[in-house]
Structure formats: structure tokens, C-alpha cells
Amino acid sequence: MHRMPLLVANWKMHTTASEALILARQVADAVEHVDHLQVVLLPPVIWLPTLVEDLHHRPRPLSFGVQNFYPASEGSFTGEIGIDMLTKLVRYLMIGHSERRALFHEDHQLINQKVQAALIGGFWPILCIGELTPVMLKQRGRGRPTSIEHKSDLFRQLDQALAGITTNQMERLTICYEPLWAISPGRVVLPVEAQAVLEQLRRYLHERFGQVANRIRLLYGGGVTGDNAADYLKFPDVDGLLVGTASLSMRTFRPILDAFIER
Ligand code: PGA
């Protein structure tokens, strides 16, 4: 089953207006003639209109997305960006990133509402799941979770996020395994471990949703660099990568792009 590889650049709360424009143009140049790869930039939302306007004439594979949004069209939600405000700007919406869960206390109900709103609104959600229990936070840097911790946390998060989602809606979903403890400068999940988790996830999705599981893209995120990207991409269930720190300059992002191109 062919799944279009996906490289997601999560710029988090980094870049100035001019840095964002330069970086986005550099990425657009680098992928201009590339087939069979989709690159999604998630810049700070305030730079999005300028970047989209500047690059709208560029051919795919470059797309834009947001790191966060609120799952309502309008209302008294001070400080939030409503989902309908994003319709003409982006295709991808990241949901459930471990920093949103841990630092901004996003709970599973909000995450589920976001997934539902994104799918109903015709967007392509990138749902992040990963171990995030207080136990794991305390242990961060001291070791990896056991396979039982993987299972319980991951599948609980997945079930909660996908409550009420139909099989037909699943096709547009991407799921990223992105444990908080592995986000730089944490400890990386080895490629073979990422494959094992994603394989389990795909099997689970298959049991629950049937054949569509073969079309859902599964990503790994956390500590990805130019030195290890190719090692993750060797594995059959790793359909792409979510990159934070290393996506912030072409010096570090270019080798990751190359790993996809040479895959
Ligand atoms: P990182 O961030 O690549 O800096 O570890 C990954 C992420 O945003 O999940």
C-alpha cells in the first residue's frame, strides 16, 4: 500500500517574521522539483498569511498547517483562533502535541473535539499521541517506558481522541507517535522502537477501522536530525517524521529532506 511520505516541520514558538519568510522560501526552493513527498510547515500562526501569500504560486509538495486552533467557528474564546478562520490558509491542523497536553493542559475531551471539528471542516488533522503520564515526566531522561506503559498510554490517548470518528473520516487522518520524553533534548526513541510502536498502532487501527488503516499515515517525532532521519525512514510503518528543532534552519533541515528524497 503506497502512502505519500510526509515531513512535518514544527517551528513551535520560534522565528521572527523575516526569518520565517526566508526559511519558508528556502524550503520551497529545496522541494520545488521533488515528487512523492509532502512537506508541511507549521509556523507560528501570526506569520501564516504572509507565508501563504508569498508561496501560494509554488507547486506542491509544500503545504501549511497550524500548531493549534480552537474547535469552534467564533465566540467568546479570548486569545483563540477559530477553526473557520483557517479554512483558506491551511490544510493541516496539528492536534494533541505533547507540549499542548503537558504545558497547556489540553485534555482528551478538547483533543477529541478538535479531531471531530477538523474532520468535519475538511482539514487534514495530524494527531499526536505519546506517553505523558506523571510517572513518565518524572522519569524523563532516566529511561524508556516499558512496553506496558507504551500500550496503556498510547491506546488510551488514541481511543479518546478518536471517539465518535467514523471509518470514512479516518482517511484524512495522520497519527504521529511523539512521546514527550523524547523531544529534544530528551532521549530519542530508536528507529526500531518507533517501528514497533507504529506497527502496533497500525494493527490496532486495522482491528478497529479495517482496511483504511493501510492508508493512514503514521509518523514518528522527537529528536529527529539529519543524522538519524534515514534510519527511521527505512522502516515500513514509518510514513514520515515530525521535526522540531532541526527544522529551524536549512543547515539542519536540508539533510532530513535529503533523507526523504533518497529514500
Ligand atoms: P524535536 O521536536 O524535533 O525538537 O524533538 C519534536 C516535536 O515537536 O515533536
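The model is predicted, and local features are reported only at pLDDT of at least 70, side-chain atom pairs only at pLDDT 80 or more, while totals for chains, interfaces and linings use all residues. Residues are numbered from 1 along each chain as its sequence is written, and side-chain values use heavy atoms, with hydrogens and water left out.

## The ligand site

The shell around the ligand consists of Asn10, Lys12, His97, Glu178, Ile183, Ser184, Gly222, Gly223, Leu242, Val243, Gly244 and Thr245, where a residue is included if one of its heavy atoms lies within 4 Å of the ligand. By class, three of these residues are nonpolar, seven polar and two charged; in this scheme Ala, Val, Leu, Ile, Met, Phe, Trp, Tyr, Cys and Pro count as nonpolar, Asp, Glu, Lys and Arg as charged, and the others, Gly among them, as polar.

| Residue | Ligand atom | Distance |
|---|---|---|
| Lysine 12 | oxygen | 3.2 Å |
| Histidine 97 | oxygen | 2.9 Å |
| Threonine 245 | oxygen | 2.6 Å |

The protein covers 99% of the 280 Å² of accessible area that the ligand has on its own, as computed by the Shrake-Rupley method with a 1.4 Å probe.

## Isoleucine 126 and strand β5

Isoleucine 126 belongs to strand β5, residues 124-129; strands (E, at least two residues) and helices (H or I, at least four) are DSSP runs, numbered from the N terminus. Isoleucine 126 has a relative accessible area of 0% and is therefore buried, a term that means under 20% relative accessible area with a 1.4 Å probe and protein chains only. Five of the six residues of β5 are likewise buried.

Strand β5 runs parallel to β4 (residues 92-95), to which four bridges join it, and it also pairs in the parallel sense with β6 (residues 174-177) over four bridges; pairing requires that DSSP finds at least two bridges between the strands. Opposite isoleucine 126 stands methionine 94 on one strand, and threonine 174 is its bridge partner in β6. Beyond residues up to four places away in sequence, isoleucine 126 touches Val8, Tyr92, Leu93, Met94, Ile95, Thr174 and Cys176, contact meaning heavy atoms within 4.5 Å. Its C-alpha atom is separated by 9.2 Å from that of leucine 219, which is 93 residues away along the chain.

Aspartate 239 sits in the loop between α9 (229-233) and β8 (240-243), and its relative accessible area of 4% is why it counts as buried. Its side chain makes a polar contact of 2.8 Å with the side chain of arginine 202, a polar contact being a pair of N or O atoms within 3.5 Å, of which, within protein, one must be able to donate a hydrogen and the other to accept it, and residues adjacent in sequence count only if both atoms are side-chain atoms. Among the other residues that aspartate 239 touches are Arg3, Met4, Pro5 and Arg263.

Glutamine 195 lies in helix α8, residues 191-209, and is buried at 7% relative accessibility. Its contacts, neighbours within four places in sequence aside, are Phe235, Pro236, Asp237 and Val238.

Asparagine 68 is placed in the loop between β3 (62-66) and β4, where its side chain forms a polar contact of 2.6 Å with the side chain of lysine 114. Leaving aside neighbours within four places in sequence, asparagine 68 is also in contact with residues including Glu80, Met94, Arg100 and Glu106.

Conventions: Buried means under 20% relative accessible area, exposed over 50%, partly exposed in between (1.4 Å probe, protein chains only).
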